[in-house]
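Here is a short briefing to read alongside the sequence and the 3D view. Keep the view open and look up each residue as you meet its name.

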Amino acid sequence: MVEIIEETKGKDGRRNLKVAKENLVELIKDLKSKGYDHLSLITGIDRKDRLEVVYHLHNMKENVYVVVRTETMDERMPSISSLYASANWEEREQYDMLGIVFEGHPNLKRMFLPESWVGHPLRKNYDLSKVQYVNMDEEGNDYATFDPGDGW
Amino acid sequence: MVVEGEKIDQSREWVELNIGPQHPSTHGVLRLKVKLDGETVKDVEPIIGYLHRNAEKLCEMDYYCDSLIYFDRMDYVGAMNMELGYLEAAEKVLGIPPPERAQWIRVIMAELNRIAAHLVWAGAFGLDLGMLTPFFYCFIEREKVLKRFTAVSESRQQTNYMSIGGVYQDIDDQIIYDIEQFTEEFPAKLEDIFNTFVKNDIFISRNKGVGILEPEVAIDYGVTGPMLRASGVEYDVRKAEPYLVYDKLNFDIPVSYKKDNLARFLVRFEEMRQSIRIIKQAIKKIPDGPYFNPKAKKSLMIRLRGEGEAYARTESSKGEFGVYIVADGSVKPYRVHVRSPAMRNLAVLPHLAKDVMIADLFSISGTTDLVFGEVDR
């Protein structure tokens, strides 16, 4: 049995379960075996001093939702991409936007931005005044630079 | 089940083909890295992000009422459904429910928009397969929907019609009459369009049995909407978790058990017929009353403060469109996250396009109904 730190009810009426980072994979595995077969959403939230990750799990047959919340202090989270195929792209997106490193992910690359982009845009301390330019190299891959260059 | 990274046989010779980002069959700016063995596709890697504007960050920087325009520009062929998705979440956070009349107006607009979005998809899908004629028929009918949108919101595509606590302006009898007229005329036109597709032998033989998507795989990948229903899963957010007044309306969820491209085509056409059914009922039942909540007067809108957090799901034309808003008591949201159905539907493409012919790759990617404003956000 996984230890649940706190159980609350959200404004939208969904059950919220808060667990420690170490117990996350075990809890989600447990929920999946109980019929929560659809991973609806993974959201990372920058709480300034820590990063919060929220999983919305959905049981398609019985049509019930559960929200699993966990926190990390060191930007690292265990990956659940071996449990849900859809977690693969969602974890890549959260890595791209917030810099959460999902340990055990098979292909942790940026989802939208080029690999050489500096910073993670959805962090609260991201510097919006620094303009980065995206260019294309000879092989057709994108790269980001601070230099406007001739193309611009 | 792994999307990428699965090794292909290295001893055989293969060609790596780069398709896109600018390619007519990719419906926008999708780049596909395809590994080909002769004409057989061995591996596909979709690369996205060419239309990325980071709408989520823009939402964090704006007032609740201003963020609506970024949602218009997500699924730009289904703007009303996108607005609805955002407002369902934002109104829960702000505590401003829309009045009864506004809810019925929203249902009518959302269903009209579903028809328009499916017509764009049908026309573009025909083009993917080399059929030019249905495209024009589809767009003529779509233009009639957009004419009604222009009448209510003074804008064709990026309507910005719904607003927090209601709609931007009331619909009068003339508009209701116009919409009624459309629902009378459209079904016959829809059958014409339908027949131009299904009476074509080439169309049938290119789609029947191609791109089989098993229901377990679909749920595992987070596929929703018409794609999931074409795989035999009877699941629709409008029925499963009714929002607005969908529980007072009588309609069916089209389901197909054939799981292939043709099934997805048929499900989308049946959805249009059901949408007409919904609009016809809604026009008859629409009550009188205020069209916006007085708490959300236009002059007060930027002072609205959100509290708590909410995740709202709606059924857009692509699938389950979810918006998750975290508020911290200020006039701007703390975090907005969007569940893009088209992105999940694209994620399953490498699985669907394994060991198919290169020509089938485009009929399969056509049926996933990609709109890149929404995939990239």
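B:R377 sits in the segment after α15 (372–376) of chain B. The model you are looking at is predicted, so treat each value here as something computed from that model. Phi of B:R377 is near 55°, which is a positive value in a residue other than glycine.

- As background, most residues other than glycine have a negative phi.
- Is B:R377 buried or exposed? B:R377 has 24 other C-beta atoms within 10 Å, and 20 or more is enough to count as buried, so B:R377 is buried.
- B:E154 also has a positive phi, of about 60°, although B:E154 is not a glycine.
- You can find B:E154 in the loop between α5 (133–153) and β4 (162–163) of chain B.
- B:E154 has 12 other C-beta atoms within 10 Å, and 12 or fewer counts as exposed, so B:E154 is exposed.

**Chain B as a whole**
- Chain B has 15 helices and 8 strands in its secondary structure.
- Taken along the principal axes, the C-alpha atoms of chain B fill a box of roughly 70 × 50 × 35 Å.
- A compact globule with 377 residues would have a radius of gyration near 21 Å, and chain B agrees with this because its own value is 21 Å.
- Of the 377 residues of chain B, 52% count as buried.
- Take the contacts in chain B between residues at least 6 apart in sequence: 71% of these join residues at least 24 apart.

**The nonpolar core**
- How many residues does the largest nonpolar core have? The largest nonpolar core has 135 residues, and B:A89, B:A90, B:I108, B:A218 and B:I325 are those with the most contacts inside it.
- Helix α4 (residues 100–128) of chain B gives the most to this core, supplying 17 residues.

**Helices α3 and α4 of chain B**
- Two packed helices are described by the angle between their axes and the distance between the axes.
- α3(B) and α4(B) pack at an angle of about 135°, and their axes are 7 Å apart.
- That angle is between 115 and 145 degrees, so α3(B) and α4(B) are oblique to each other.
- On the α3(B) side the contact is made by B:A79, B:M80, B:N81 and B:L84, and on the α4(B) side by B:R106, B:M109, B:A110, B:N113 and B:R114.
- The residues of this contact divide into 5 nonpolar, 2 polar and 2 charged.

**A residue of helix α5**
- B:E143 lies in helix α5 of chain B.
- B:E143 is partly exposed, because it has 13 other C-beta atoms within 10 Å.
- B:E143 and B:A116 are 27 residues apart in sequence, with 8.2 Å between their C-alpha atoms.

**Where chain B touches chain A**
- Here 36 residues of chain B are in contact with 27 residues of chain A.
- Several elements of chain B each supply at least two residues to its side of this contact, among them α1 (55–60), α3 (79–94), α8 (215–220) and α12 (341–347).
- Which element gives the most to the side of chain B that touches chain A? That element is β6(B), with 4 residues.
- The residues on the side of chain B that touches chain A divide into 16 nonpolar, 9 polar and 11 charged.

Key
Residues are numbered from 1 along each chain as its sequence is written. Chains are lettered from A and ligands numbered from 1 in the order in which they are written. This is a predicted model: local features need pLDDT of at least 70, side-chain atom pairs count only at pLDDT 80 or more; totals for chains, interfaces and linings use all residues. A nonpolar core is a set of buried Ala, Val, Leu, Ile, Met, Phe, Trp, Tyr and Cys residues joined through C-beta atoms within 7 Å. Two residues are in contact if their C-beta atoms, placed from the backbone, lie within 7 Å. Ala, Val, Leu, Ile, Met, Phe, Trp, Tyr, Cys and Pro count as nonpolar, Asp, Glu, Lys and Arg as charged, and the others, Gly among them, as polar. The radius of gyration is taken over C-alpha atoms; the globule rule is 2.2 Å times the number of residues to the power 0.38. Axes are lines fitted to C-alpha atoms, for helices over the stretch in contact, and angles run from 0 to 180 degrees between N-to-C directions. Angles under 35 degrees count as roughly parallel, over 145 as roughly antiparallel, 65 to 115 as roughly perpendicular and the rest as oblique.
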